[in-house]
Each structure stands twice: as structure tokens, then as C-alpha cells.
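Look at the sequence and the 3D view before reading on.

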Amino acid sequence: MNEAVYAEAAALVSNGIPVIAVWGVNDDGSCACPKGKTCPAIGKHPVSASWQTSPITDEEDLDAHFVDVDSPRNVGILLGQTGGVIDVEHDTAEGEATAERLGLPGYGTASFRSSRSRHYLFRFVPGLPAKAVLPDVNGLEVRIGNAGRGAQSVAPASTHKSGVVYEWISGCSIHECDILPPPRALLDMIASSVASSESSATDLTVVEEPVTAGGRHDAVRRLTC
């Protein structure tokens with residue numbers, strides 16, 4: 001058993017945050033799941049297929065998932081309405097600049113580092129898009145897990161396949177900070193990004209009609225318009 005992983009899982013559950021048992025990483029860097037080194041998501045995917053509907057919400061259930069097992073475990077946070085949490089992540093200069101512009105580093109919500117990313121945890125609020133993940137909101141990845149579209153985030157003190165251990169940001173751990181509602185500016189940016197994406201998709205939608213003999217000119221004109 002990884003005592004640090006167990007302690008963080010217990011801390012999250014005691015704060016009302018459902019967690020998930022995630023396959024851990026073996027000493028050779030392979031996934032602890034049956035696929036081992038061939039796994040496409042080493043140390044990042046849930047053990048149980050029912051993780052969306054049966055997360056761990058009680059400290060009494062932790063032993064069965066993190067102690068009485070014979071392979072390494074990481075811990076994940078269930079995102080979405082059930083979990084009550086969303087995760088805003090960045091691992092690029094653009095994302096970092098957006099986070100700075102929104103004031104996220106000093107916002108005071110619980111946050112942590114993974115192998116190369118910073119994650120900000122916020123409370124799930126009504127009105128969020130019905131999406132699992134928004135991969136690029138001005139460089140931010142917004143993991144929502146809304147409307148039955150499952151999402152989870154690997155949490156401290158899990159181990160990345162590189163050997164890096166996920167760690168809470170100093171002064172912003174779940175032991176020191178609450179998970180706060182997202183700032184209004186972030187919600188506005190998310191809404192604007194979704195609206196822009198949907199508008200672009202609508203603009204690119206073409207109603208296909210058969211091109212008849214002698215009708216190529218009209219077909220090209222329709223596509224151009």
C-alpha cells in the first residue's frame with residue numbers, strides 16, 4: 001500500500017469529494033493494469049468500469065480499494081455534478097498566461113501539480129456546458145464531466161509514469177484550502193469558447209445535394225456561399 005495515496009484519498013473523501021481507485025505505476029514504469037507497458041494511459045485510468053456511478057464516498061470503503069490490493073494504486077477525483085468538482089489545467093505558456101490573466105494562481109482554491117501541468121479545482125456550478133472536457137479554452141483544458149459525460153483527474157499523491165509524484169501547491173492543498181466556485185471571468189470565457197466553437201461548426205455545415213449533369217457551377221456557388 002502507498003500510505004501517501006491512501007492519506008490523500010481519505011482527505012478528499014472526508015472533504016466530501018468522491019474519489020476513484022486508479023491503476024498505479026509499477027517500478028519499471030509500466031501500468032499496474034493487465035496491459036502493463038502496452039497500456040495507452042499508464043497510471044491514469046480507473047480500476048473499475050463503474051467508476052462514474054460507484055465512486056468511493058466513504059472512508060470505510062478505502063481499504064478495499066487501496067489497502068487490500070496486490071498492485072500499485074493511484075487516486076482520482078470524480079469530476080462533474082456527482083463529484084461536485086471541475087478541474088482547470090494548463091501545461092503551455094498560453095494556458096499559463098490565461099490563468100494569470102484570470103487571477104487563478106492567487107484565487108485561493110485547492111490546486112496541485114502533475115508531471116508538467118498545474119491544476120485548479122473548482123466547485124461544479126449550474127450552467128456549465130454539457131461536455132466531458134473542453135480541450136482548449138485559451139490554452140486551458142477544462143475538465144467538466146457534465147451531463148453523463150464522465151471525467152476524472154488523477155490527484156496527489158499519485159505517481160506519473162515518469163516517476164514524478166503529483167503534489168499539492170504549497171499553501172493550496174486540500175488540507176489548507178477549500179475548493180471554491182469558479183470566478184465569473186472563467187465562466188464567461190468557457191461560455192464564449194463553447195459559443196464560438198458551435199458557431200464555427202454551424203458555419204461549416206453543408207447540406208449535401210446531388211450534383212447533376214451541368215450543375216457543377218451551381219454546386220460550387222452553393223459551397224462558396
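Q: Which residue meets the side chain of Asp 188 in a salt bridge?

A: This is a predicted model: local features need pLDDT of at least 70, side-chain atom pairs count only at pLDDT 80 or more, and totals for chains, interfaces and linings use all residues. Residues are numbered from 1 along each chain as its sequence is written, and side-chain values use heavy atoms, with hydrogens and water left out. A salt bridge is a side-chain nitrogen of Lys or Arg within 4 Å of a carboxyl oxygen of Asp or Glu. Here N and O are 3.2 Å apart, and the partner of Asp 188 is Arg 184.

Q: In which helix do Asp 188 and Arg 184 both lie?

A: Helices are DSSP runs of H or I with at least four residues, strands are runs of E with at least two, and both are numbered from the N terminus. The two residues are 4 residues apart, about one turn of the helix. An α-helix has 3.6 residues a turn, so residues three or four places apart point the same way. Asp 188 and Arg 184 lie in helix 4 (residues 184-203).

Q: Is Arg 184 buried or exposed?

A: Buried means under 20% relative accessible area, exposed over 50%, and partly exposed in between (1.4 Å probe, protein chains only). Asp 188 has 43%, so Asp 188 is partly exposed. Arg 184 has 56%, so Arg 184 is exposed.

Q: How many residues apart in sequence are the parts that Asp 91 and Arg 116 tie together?

A: The side chains of Asp 91 and Arg 116 meet in a salt bridge, 3.5 Å from N to O. Asp 91 lies in the loop between strand 3 (85-90) and helix 3 (93-102), and Arg 116 in the loop between strand 4 (111-113) and strand 5 (118-123), so the pair ties together parts that are apart in sequence by 25 residues.

Q: How far apart are the end C-alpha atoms of helix 1?

A: The expected span is 1.5 Å times one less than the number of residues. Helix 1 (residues 3-14) has 12 residues, so it should span 16 Å. The model agrees: its end C-alpha atoms are apart by 16 Å.
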